[in-house]
Every structure is written in C-alpha cells, then in structure tokens.
6 protein chains.
Amino acid sequence: MAAVPGLETVHWLEVYGASGSVPVVRAGVCEGGAVGALVLARPAARNAWDGAMWAQWDAAVAALRALDSVRVVVLCAEGPAFTGGLDLGYLAATLGRHTAGGSDPARARARFLREIAAMQAAYSALEAAPWPVIAAVHGACVGAGVDLVTACDLRYATRDAYFCVKEVDVGITADLGTLQRLPAIVGQGAAADMALTARRVSGEEAAALGLVSRCFAGRAEMMEAVLGVARDIAAKSPLAVWGTKRTLLRARDGGSGVADGLDRVALHNAAFLLGADIRETVAARSERRPPRFSKL
Amino acid sequence: MAAVPGLETVHWLEVYGASGSVPVVRAGVCEGGAVGALVLARPAARNAWDGAMWAQWDAAVAALRALDSVRVVVLCAEGPAFTGGLDLGYLAATLGRHTAGGSDPARARARFLREIAAMQAAYSALEAAPWPVIAAVHGACVGAGVDLVTACDLRYATRDAYFCVKEVDVGITADLGTLQRLPAIVGQGAAADMALTARRVSGEEAAALGLVSRCFAGRAEMMEAVLGVARDIAAKSPLAVWGTKRTLLRARDGGSGVADGLDRVALHNAAFLLGADIRETVAARSERRPPRFSKL
Amino acid sequence: MAAVPGLETVHWLEVYGASGSVPVVRAGVCEGGAVGALVLARPAARNAWDGAMWAQWDAAVAALRALDSVRVVVLCAEGPAFTGGLDLGYLAATLGRHTAGGSDPARARARFLREIAAMQAAYSALEAAPWPVIAAVHGACVGAGVDLVTACDLRYATRDAYFCVKEVDVGITADLGTLQRLPAIVGQGAAADMALTARRVSGEEAAALGLVSRCFAGRAEMMEAVLGVARDIAAKSPLAVWGTKRTLLRARDGGSGVADGLDRVALHNAAFLLGADIRETVAARSERRPPRFSKL
Amino acid sequence: MAAVPGLETVHWLEVYGASGSVPVVRAGVCEGGAVGALVLARPAARNAWDGAMWAQWDAAVAALRALDSVRVVVLCAEGPAFTGGLDLGYLAATLGRHTAGGSDPARARARFLREIAAMQAAYSALEAAPWPVIAAVHGACVGAGVDLVTACDLRYATRDAYFCVKEVDVGITADLGTLQRLPAIVGQGAAADMALTARRVSGEEAAALGLVSRCFAGRAEMMEAVLGVARDIAAKSPLAVWGTKRTLLRARDGGSGVADGLDRVALHNAAFLLGADIRETVAARSERRPPRFSKL
Amino acid sequence: MAAVPGLETVHWLEVYGASGSVPVVRAGVCEGGAVGALVLARPAARNAWDGAMWAQWDAAVAALRALDSVRVVVLCAEGPAFTGGLDLGYLAATLGRHTAGGSDPARARARFLREIAAMQAAYSALEAAPWPVIAAVHGACVGAGVDLVTACDLRYATRDAYFCVKEVDVGITADLGTLQRLPAIVGQGAAADMALTARRVSGEEAAALGLVSRCFAGRAEMMEAVLGVARDIAAKSPLAVWGTKRTLLRARDGGSGVADGLDRVALHNAAFLLGADIRETVAARSERRPPRFSKL
Amino acid sequence: MAAVPGLETVHWLEVYGASGSVPVVRAGVCEGGAVGALVLARPAARNAWDGAMWAQWDAAVAALRALDSVRVVVLCAEGPAFTGGLDLGYLAATLGRHTAGGSDPARARARFLREIAAMQAAYSALEAAPWPVIAAVHGACVGAGVDLVTACDLRYATRDAYFCVKEVDVGITADLGTLQRLPAIVGQGAAADMALTARRVSGEEAAALGLVSRCFAGRAEMMEAVLGVARDIAAKSPLAVWGTKRTLLRARDGGSGVADGLDRVALHNAAFLLGADIRETVAARSERRPPRFSKL
C-alpha cells in the first residue's frame, strides 16, 4: 500500500473513512510510534481536496494527536503530485450551495464563512499540535497545498517540485493561510510576487527563497533525508521540541514585540526547564550514551 | 516623448502641472486602459524630488485612481537614474523654512511634522490603491527612492541598478517608509545593514536579498518583462487581485497574528468570493478561452 | 594582550572584575574613542558563559555606555571559538540551586524566572544602547552565542564560523532571544529549521540566509573589514545613526503596523531632524571635506 | 425539577452525564427553541466546579450550539448560590495528581498547563458561540464564577448577590479569564481592587461599577427581567445580533486600534448587511407588525 | 437662523451645498475664530443623515480645518433631536443600489464596502483634526448619532437626551464606530448592553456611565456650559491641547501597551515641549495675566 | 518625624540623600517588614518634584525592592497636599538647560528625551516591583501626581483630595504616564475630560469615576483603612499577589487580546501554582488558623 518511498514500515492507523470507504488521507506511525506520517492519498485526482479529504484529514490529525507516543510528523503525498489544491468539483458544489436562488444571501454567506473557518482550522491544527510537522513535497504543490505546507514547521522539496499560489488565477483571494504565513517565511516581496502573479516556484528557487530548507534531486533521497531529520527530532527532548515550536509560533503572532516574547519564554522555562530532560541530557553526555526521554 | 522603452503606446493623461508648466511626473494608460504607467520625468535632475514632483505625484496617482479601467500600474523613470532621492535644494529650502529665526521652534516643528506626514501619505497612497504597483528600477535608486519602491507591491531591477538608503549619510533618519517596510522584504539584518551603512546594493544583490523579484541585463528587457507581468495581472480577476493585495498588506500590519488574519480574510471572502469572477473562470476553462472580467 | 587581530590599538578600560581577578570580558575603545570593542575573553573555555562572564558583561556594556565618545561597538572573541554558549558547569549549578530539595518549588521557579530575565536583559542592553553593535563571528557560535548575535545590529562571519541553536539538544527551549529575534532576520522557516534541528549553519550559509551580511575567508580579513565598517559608521552623524537603529527596532516591535511606525518616525524627525548634523553635511559637501559631528 | 424561577417551561435536553448519573449542569430551551438556558445544578455543593461539572458544561454548551434555533442563552444557577467557584476537593485532587513524587515535574506541569487550557476553553466557548449569553447572578459568585460571568455578554444580579475574585486568598493567580476580561468591564483600578483584595462586591456595587447592567431586589424579579431581555434579543435579527457580539469581541481583542476595527466591521457588513433581515425590518415597520427573521 | 441657543454670535461659513441648496450642516466660528461650531441642521427630518448631510458634513469639517484660527469645535444640532441616525430613505436607496439584479454581487459588495469606508472616514475626520470636538447632545441621539459622538473628544447632554445604539433593531451590525469606540468610554459590559438590547440610555444614565461628562437640566444651560468649556480650551496652549488629544488617541489605539505609549509621548515632547507656550505660561503667571498663545 | 497619621511605627530606612541633606522622600517598613511606606516629604513646597525628589525617589524605591520582606507598599505624603506636581523652578531650569543658545537644538532635544525617559522610568518602577503599591491621597494631587498615582495598583482618597491633570494649563502634553494609564482606569471619555479641561476632580468624584477605590471623610480614617488593606494583602500569599499584579498589567499591555492573555497566565500558573502557598492555604483552613507564607 505504501506508495511513498521510505514509508514501508509505517503502521497505518484506522481512521474515519479509512474503513468501508476508500481512504484518501492516511495516518500512521513508525520508529516505535515516535514518528508519525500523514499521507495525502488520492493520487488519481492529484490529491485534490474534496469533501472526503477534508473529513479524513481532521480524523487523521486527531488520530495522531491521540497517540502520545508521537514526537514528530512527516507530511507527504502519494502519486505524481503533492496536491493540486482544492478539487474544482468540490469548489463548484460549494459555491453552488451558497449561491442557490431563494435563500437569503446574507445567511448563505454566514454559512460560507463558517465553512472557510472550518477549513482554516483544519490546517491550523498542525500548529496547535505538540509535535513539529515536516512537509516533504514533490511534484505540484498548488493553491491549498501552499496554505497547507506553510502551516508546517519545516519544509523540504524535490527538484521537480513546484509551488504555485494559484488562487488569483481562479478569481479567489487565497484564504486558507498562505497570505498570512508565507510572508513570514519568504519575505513580503517574494510572497506578493507569488500571490499576485501565480507563477510557479521550483524546488530550487523555493530553497533559495527559504520556502523549503533543502531541495533534493529525487523523491527517494528526499524521503530518506526527511525521515532522518524526523528520527533526529524524535530522539530529542519532547519538552524542548514542543517548547521551541510553541515559542516560535507565539513570537510570530505576538503583537507586542521582542520584549513581550522574552517575558513569555521566560515564563515558559520557569515552568518547564527544571525537569528531567536537561538532567538526562547531562547524564547521557557524561556516560557517552544517547539520552532517553519519556513522552510528553 | 516616451523616454522609457516599452511605453511608446501609452496614452498620457493631463494631470496637474502637466499643462502650462513642465511635467515632471507623467501618468498614462495602455492596454485599453488596463495597465497604468507612473513615470518619474525629471531626468535632468536625476528625478530628484522637488516641490513640483511631490505635487504632480499626488495628482498623477489621483488621476490613475479616478480611471476605473486601471488594474495594475507600472512605476518607472526617464533618464539615466530611477531617482536620486530628495532634491537637496528642496531639502535645504524646507529646512530653512522650519529653522528660520523668530518663529516658535515648537510650531515650526509641528508644521514640519505635517510636511513629513504629507510626504509619507504620498507614497502610502500606492498601498491604498486597489491595484498592484510594479516598480521597474534602473540606475540609481537612492534615499526617497527606496522609500518609494518599498511601498510598491512588486519590484524588478536591471543589473546596473543600485539601491542606497542614503539618509544616514546626510544626517537624517529615513522617515518616508524604508525603515518600516524594508525589513519585511529583506529581513531585519539586511535592512539594518543597508540603513546603517548606506552601502549600495546592486540589482543582482537586490534579487538575492528578495528586494526585487528579478534582475535583468538591460532596461529594454526589464521593461518588456515588466509590461508582460502587468498584462498578465491585468487579465486576472480584479476582485482577486485587489483582495490578494489588500490581504497581504493587512497581514503585514495586523498586530494580532495569523489567527486574526485568517478571520479577516474569511470575512473578506464571505463578502467577495461568491461573485461573477470565479464563475467566469470556471466557464472560460471549460470553454478553453481566456476569462473576461468586468472592472471592479 | 590583544588576541583579536586588528584590536592592537584598542585602549582597554578597567571594568568590574578586570582588576584583581582575571578578565573574561574586555571593553575598550579605539579611533579616538569613537569605536568601542567588546571582547569575549575566556578562550580556554571557548568563551563559555559562566557567572564571571555574565557579571563582567554587564559591567563592560555599562562602561562603554558611560563613555559618550562611543559611536559604534564591535563585538568579537578571543581564541578559536566565538562562544560555546552557556557554561555547562554554570548551568548545572544554576539548575541544582533551583531544584534543591526542601525549598518551595514555586519560589524556586520565581527566582529562576528572575535569573532568566536578568540574562535576557544583559543581551537586550545592546538594543537599548544608542550605538549600533557589529558582531564579528569566527569559529563556533553556539546556543547563547546565537541569542547574543541576534541582539546585535549587524553581523559578519568567517568561512569557518558556524552557528548552532543548540538548546534543543540539551533539553532546553532557547530563552535568551534567538526564538524571538532570529525569525525577523532569516525568516520563519529557516529559524524553525535551525531551532528544531540544532544543525550547524556555516558562515557561507549564514550569509545566504541573511544571518550575516558578509562571509570572509579568514579572521584577519573579517576584522579589517568590520573595523572599516565601524570607522565608517563612527564618521556618520551620531544623531542619524541612533535614530536609524532606534526606528528599525521600534518598527520590528511595534504591534500596529506600518502606519503606526510612520507616525512614530515622523515624530522622531520633528524632534531631531532640524539640527546641526544635516547642516554640517550640506556644508561639508559644498566644501568637499568630510563632515564633523559632535557627540550625541 | 426547575429550581430556578421563570424556567418552568424550559424543555431540558439530554446531555452527557444527564442520563444515568446525576446532572449537575442542565441545558434547555424555551420560547420555541429561541431562548436557551444553561443552569448550574449542583446546589448541594453551592455549584462548586468538580470534574462532573466541567465535563457536563462542555456537553451542555455543545448541545445548545447544535440546536440552530437558539438565539440567546441565559446562564443561571440552582440553590442559594450562583457558584462557590472551584470545588476544593477537585482542586486538591488536581494538585495532588500534578505534584505526586516520582514523576518528572516538567511533564507534570505540561499536563497541568493542558488542564488549565481546557478549563479556559470551556468558558471561552461562550464567546465563540453565535448567540449572546446573559448571566443572571444571585447569591455567591466566587472565584471561577467571576471568570465565568466575565465571559458572558451581559450580566444582571440580585441585591443579595456578591462577586468575589477569591483566588488570591487561596494562593492562586486567577487563570480562567477574570484578570483578562474584568478590566475591560469595570476598569483597571476596580479590577485590581477586586483581584488584589478579594473583597466582596455586592450586586448594587456591581451595578455601579458596570460589572452588571442592573441590580434587582430579588431573584424572581431578576429572572423575569432577564427572560424579557432574552425574548427581546431572540426577536431581533440573528444576523445583526451575531455581528454585534462578534464585532464587540474583536474590537476588544484587536491589537491595532479603532482604524483596524473599522476596516473589519466594514468587511463584515460588506458580507452580511445586504440580506433579508434589513428588508424584513423595513417591511415590518411599514406594515406595523413585528419582523420575522429566519435562523442564522 | 441660529436655532441653537448660545450660537447667536457665530459667523457662519459658506460651505459646499450651503449656497443655492438648503444647508443641512452648518459650520461657523465665534470668539474671534477660536471656537468653531458644527451644527446638524435638518431639523424637520430629526437631523437624519441623507446624502446631502454626508456631503455637507465633509465640506463643513474641511472648512473648519482650513481656518487655522480654530482651537476647539462644538458639535450640536437644531430642532428637537440631536439626530435620528441614518435616514431610512437614504438607507433603502443605498441598499437598493447595491442589491439590484443584474449586477455581480461581489462587485456590488466591493462598492458597498467603499461607501461604508467613506462614511467611517467622515466621522473619523474629527479624530484627525488638530482641535478637540465637544458634542452637546439634546433629545434623541440614535444609531449613527452614537457613532458620531463617540468620535468626539468630550460629550455633554441634557436630561431629556437619550442615546440608543439602534442598529441591531434594523437588522444591522453598527459599522460607523460605535462598537469600536464605545467600549473604551463606558466599558465592555455597558457597551454590549447598549448594542445588544438597543435600549435607551438617558442623559443622566449617560453621565453615570461616563458616556457624557455631565448632564444638564436644559438645553440653554448645557450650551452655556459647553461654550464656557470651549472658551476655556480655546484659551489654552494649542500645542498642548493638540498634543493631549493626539496622545490620548494614540494610547487608545496603540497595540503595544503603556511602555510603547510612553516612548511615543516622550518623542512628542522632545519635539514640541521646548517652545514658546510653556515660556509664555510661566511669564503670564509671574505677570499675573492670562497667557496669549499664537495659532498652531 | 512621622507627619502622616498611622505611620508612627514605621522603621525608616537610610536612603540616598537622607543623610547629610534633608530627606524629601522617605522609605520605611512596618508590620515586621511586610508593609513598606513611601512618603513624599517636602511639605513646605507642597511636595513638588525637584531634582532632589527625583533622585531620592529612585533611591527609596530601590531600597524597598532590596528588602525581600516587603509584600505591599503604601504611598502617601506629608503636609497639606499630596503633591503639587513638578516643581516650577526645576521645570524652568530644565527647560533653560535644553534651550540655551549655542548648543545644537537636536542634541538638546535628544538629551531632553533621555530626561523624560528617566522620569517615566522612575514612576514605571512601581509597576515593575513585585509588590502592589497603594496610593493614599489627600489634598492636591496635581500634574505629575496623577502620573504617579495611576502607576500604582490601588488608590484611595479623602473627601478633600482633588486630582488635576494640570499639564495642559502650563502648555505641556502630559508625558509621565497619565495619558497612557488613566483611560484604562476611568474610561476614555473621563480621561479626555480631565486632560483637556484640567478641571479638578474631587475625592468623591474620583470614587464615582473609579479613579480611587474609596473616598474617606478624613486623612486619619483613610490611613487606618489603607493600612488595614495593606496588612490584609501582606498576609496573603506573596506568590499569588505578585502573579495577580503581574497578570493584570500584562493583560492591560498585551496587544493580542484575551486569548493571548489566557495563554500567558496559563504558563504563569504552570510555573508557579504548584507550590507551597496553595497547600498552606488548604492546611490553614482545615486547621482553622491563618496561613503563613514565606517570602517570595
């Protein structure tokens, strides 16, 4: 079943929609449960996001959050493309539902607002999780795909990958996070360039822009490296990894500058530094062995 | 008259100062009115900003805003330099006016504050406009020139262009936007480097820093490419282009982080997504023709 | 004594701890007092931060602030490494003091919070100073070293330098400024990459990321160039340099966006532009001589 | 069953914990489903919040949110007190669980943080709901009770009610919302007075401080008036009521001031004003009949 | 003509719409030009805001701004009511224009957004003016009237005045400033009460809530007192009055707390304190005469 | 010596300026060191702030911070007035120093900015202290006096007290905190009224506005009550008192709203709740004795 190289040993979880119907998002774990995998698995449709994908995505993320063994999650995709973005049939049906005659347009828009908010929440859930998420992108990463990967903590890509903020080309203002998160990653100018021209940014340019940390020649190399990064992070103190992720995101969103962020991280460490992990690290170093950390 | 390559077919507008006196800022449209042009046209003085330029600039921007056909604007310059920044004679006269003896220094400074605010507003007007502005920079872009181009949405440059935050070298803290907008474009470190050392950043380095999206070998190539980008953007849904520009700027300025920005863009699309442009896009695709959008 | 190339002519100040005990942080001035030097001087311990370094650091910064001749400060280090970060023995003693049995854990943590805040303040003091600080990094710059250099205004490195946000590897959430300041410098993605993986970033990669302004082949070249930059800045209007530094930092920390920042810098210049430096600049230019500015 | 005067006609919902075990939070609807009721129903323990109450609270709020007929909710309590705050036995058990020997104190605190966050979310859910919540307070409203009512939109009290931010008296920094929300209601000085002295504020003083909108002689009068207010609100446009609640909360939390809030509410009305409710209002007025609005 | 008691000596200005057509907003000055007056002058329609009022309002405010003699402005109204709010015919026409069939609903809403923004700007112009505005309210102050008076600096009312945030009763989320500005004046709870219930708040209750500074028995007493306050303010240093108004508004809107506000006001006074007014004040005191200040 | 009723048993500290020269600010402790006192002690000059007072104030606050026994501080004044504000002679000398001919006006203003910042810091130090400060105000509290008391946590006054934001009457924009802190205490309207009219607000009106918590008939009654409040607070958990003060101030200054504040206080309690004080409270209650807390 594992169409993604490197995920052969993953233990797949049963998630909503995965039994009885065809799964289009997979969730699983490997490395003794420490490394999670989220796989977009609707390759015949270039992993386009339809209603089933949205539903299974929420379930898959929830399933991984429920496993307290997980310390890091890899997000990747089956088939030739990472994702083509929103499924156009799904989009058309959504629009149709909200613009049908007879109904009050204001109520239709209020319902539509709630649907947008639900989709935003589906991706923002990655930021709320206590573990980092690493996106491994090959092939097309279009529209909602860019929204999705900018909500991840780390991003890697293959040379044949391309990123495209496609929304402006279908008459849409991107609303699932790209316009909020991308500027902090690549700068305001590059984000405007991508979002206003909808041009394709290759894996190599993405690396130069800082959109991905590294660009690989092929998918197998990328997955091997990404899983290596994941294993490394999984071996670190989960307290420190969670604290680092949380603090970086709070710093990005904190409206009151560095002084405010410094106060918050000081509180954080007043709460969480005086614990077992730092002692275990010191002990392991003196005993020349890898440290062992318990789950969070 | 069109000293800028590629602008031969522009229809120049009559703007304040353009009749009777010599125009030093030109505004015009091409592509059936969809692409606007703003041209710094005081080449003999290296397009240095004197009182006439400030006055004509406001009038030129207003003239383009009054034309509802415009969907994107290209900002460029006549002569060998994009702009040398503030005209030193104008600066000296301004300073003299505000430091003349006899007058209350506090009132002089209050008047000076209003003059600064007016100049800031002149450049910020580009951000308030409903269309993106693309700066095409060749030669020197110094002092106020950097303030100006950082208020644009997209920037391109030639290899012979250079950017210089010159203010510190004339004893000034830059106050027309560079210190606020440049860090979001090139990062805090590069912005500090440029602003504290006043060193020249070439077109190629500007591309590497993300200050411009691309660097071209010559001015003609740049103008051809920039006008191509402009035509592409002009062919897109003006609703989506306006929404994308607006959302990017609100995300930059919103003090409350990504969650706040997501809520705002969800409201935006609750208001503006359910319209003609997305339907036209879908129809055009199925009919294999370019979409046609009405003005905003 | 001067183990750092290029600092031979520095006049070293007597600072707290420098007499009687062995100095581990040195402060001095050269260029007639206009260029300050802060030197990490505990090379035998790779300039690791122990109690003596923290104490002497505060004293050294205070000593330079007390000299009103200083216009710019260079921060560098003796020995083979810039700094290995927190001294592990010091860290262990600190932890031991706060987790000793018998004491109320909440009070222990409140004391610990105060210690963190004091260390944060030690580095933030560089941002509060009226002169820019230029970090010149060679060899290892690990853990607290990254906190320190991100609080500087400008950064340069040698090719053999490496930067490592090491905290996550010792079970710690970095709390001395890296997680707040680094993303503004290199972008959110690169910052997350460095902080979550603790990987080493070389001097060359640091230049590509914007973490340093330039990477040099060797230490002597770097110091020569850095001192040249320092001399240049020292020759500029101290009013303009201070205003530029201050405005850049306020813009970074201001929660209310560009409009708010523009208002603040307009106030700044209403107060400080109408002074001697801009007149001196104009006069010097017309007389073809370098301008001379009095101290701030 | 209805121990609260005025709630005799409420149709009680089956919520989690309500069947099989004794319900300690009740949820119901009256007025044809338009007015919801949330009732603290553990009167024998002065409605102190133990584990069962927290669990049933979440279920009760969710049950009301699931009913799209609801337009406004009244929050009140059975027995002689509104609520005595956190159940001390529950608090002791919680503390014991987190301070038990053997466990890593940092992990214990991370778990504790999650518990606090869950309790915060339980009360914040009232702000996220699309309908206003009206608190009707009699007798003691202590500790968590103040956290709870400050998360409501409107508050009323009887003369015998008293409000007490009790936490400081049990060695706690209040962490369920009082310190964040109360200052916006009564001002910074009065909030500090209540929170630092833990003194009792009577229903009458609460009205003078603006903590409640009105103070009533007795419970029956209060419930009659509160249900009248609820019926009035339920008869208004649900679109306008939701928009007003939402906009007031966004204005409170928006970090960027009035201009930012004006932009957001303009977007809100661009989306939601052009609908049926305003037309229905105008029609009803001209026909001299009450308007009829469909559900949101 | 002067239907407002106390304005008999006002010199009325010719403003847009005032000649040829019937003036519905009047602007004038008295006290040698130091005290301005803005008068809602459509008493037959209870000063309801129709297109003419919006147009003349902008012109009237601009006319007063153009007179640099003005130091304070009194806002009051002719006839039995301060204002009944938006004119319902104007509202209906506006809605009709934006919901007419045939047009793209998204473009209609974009135009509607611009109209809302223009109305917001009309009231916000009072905050941008360099002089304080004092509202003197008698009779009904409904809907847009509350938006208007909350944009003033000071408010007074008669006992027969009442304030009513009426929007929710016509199916509207108030969008001209009330929901943003009222909570800072009366607190979050009282603002929610007024906005969600649309109940009438009498002049006396308004005084108790802090919505007005004082409540008067009748209109003549109020106008006499208000004009006295205006004369007092007009006799003060215009620099100090402008600085105080500006600083209070920046403090309200500044997202970064007191420290940020303190820095800004320190900059303000670095610019504007060292002037003639403070010297004149000291001189006047020693000479036991009233100080005389020149215009701003 | 103790000219303030109720302070007879205070043990006065030797602070800077208190020996050799005449003390004008006194600091002391009573109640076994738990209650601190800060006394303005220049009654012959109505406690006007001259250079000696500023210097001694800093020393007095520092002396109390150095005593870790202190849990709460009472601020009061000797003589017939709380304080008349800035000493006019001191103000004149300061102005003279900064406007003297010959010096560069920009540098003079930069120095002046530093002096303002130092005075702001002197009052803000009360907010940074770990104990609450209670102001007890009798007689005049004018100008800088209002800046001072708004930086306190609690305020009480006598009936004969009056508060006057006098700055506007001497041509000054108040810059020591009133314009930033007062609106959060009394609302934006009342703050504007006080600051723009400079009118006197009596003790009784101050209580009605929320500027003081309570108004007393006389000074002796006030001091007795204030010392009672101080003793009560001193008997509470210092951890909880500090946490409450700190959280209230962070909530006021946090630019990102309630959700951000909730996260911060959750971190705070993750760090500090699981300690001795809550256990001591529970134990003391079951043993029916007052709790005993150790110092922070």
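In this predicted model, chain B contains an open sheet of seven strands, arranged in the order β1-β2-β3-β4-β5-β7-β10 with mixed pairing. The edges are formed by β1 (11–12) and β10 (214–216) of chain B, each of which pairs on one side only. Strands of a sheet pair through backbone hydrogen bonds, in either the parallel or the antiparallel sense.

Strand β3 of chain B shows both senses of pairing. With β2 (residues 25–30) of chain B, strand β3 (residues 35–40) of chain B pairs in the antiparallel sense over six bridges. Within this pairing, G36(B) is the bridge partner of V29(B), and L38(B) is the bridge partner of A27(B). The hairpin of β2(B) and β3(B) has four residues between the strands, and E31(B) takes a positive phi near 55 degrees there. With strand β4 (residues 72–77) of chain B, β3(B) pairs in the parallel sense, again over six bridges. Here L38(B) stands opposite L75(B) in β4(B).

The surroundings of this strand can be read residue by residue. In a regular strand the side chains alternate between the two faces of the sheet. In β3(B), V35(B), A37(B) and V39(B) point one way, whereas G36(B), L38(B) and L40(B) point the other way. Six of the six residues of β3(B) are buried, and the strand is mostly covered.

The next topic is the relation between chains. Chain F is superposed on chain C by a rotation of 180 degrees with 0.0 Å of shift along its axis, at an RMSD of 0.0 Å. The two copies are therefore related as by a two-fold rotation axis. Of the interface residues of chain F, 100% are also interface residues in chain C, so the copies meet through the same surface.

Chain F also has an interface with chain D, in which 44 residues of chain F are in contact with 40 residues of chain D. The two chains bury about 3500 Å² between them, 66% of it on carbon and sulfur atoms. L248(F), V258(F) and L274(F) supply 20% of the area that chain F buries against chain D, more than any other three residues. One salt bridge is found across this interface; the side chains of K236(F) and D169(D) meet in a salt bridge at 2.6 Å, N to O.

Helix α10 (residues 257–272) of chain F has 16 residues, which at 1.5 Å a residue should span 22 Å; its end C-alpha atoms are 23 Å apart, which agrees. Because 14 of its 16 residues are buried, α10(F) is largely enclosed by the rest of the structure.

Conventions: Residues numbered from 1 in each chain as written. Chains lettered and ligands numbered in written order. Predicted model: local features only at pLDDT ≥ 70, side-chain atom pairs only at ≥ 80, totals over all residues. Heavy atoms only, no water. Pairing = 2+ DSSP bridges. Helix = DSSP H or I, 4+ residues; strand = E, 2+ residues; numbered from the N terminus. Least-squares fit on C-alpha atoms with pLDDT ≥ 70 in both. Contact = heavy atoms within 4.5 Å. Expected span 1.5 Å × (residues − 1). Buried < 20%, exposed > 50% of the residue type's maximum accessible area, 1.4 Å probe, protein only. Buried area = accessible area lost by both parts, 1.4 Å probe. Salt bridge = Lys/Arg side-chain N within 4 Å of Asp/Glu carboxyl O.
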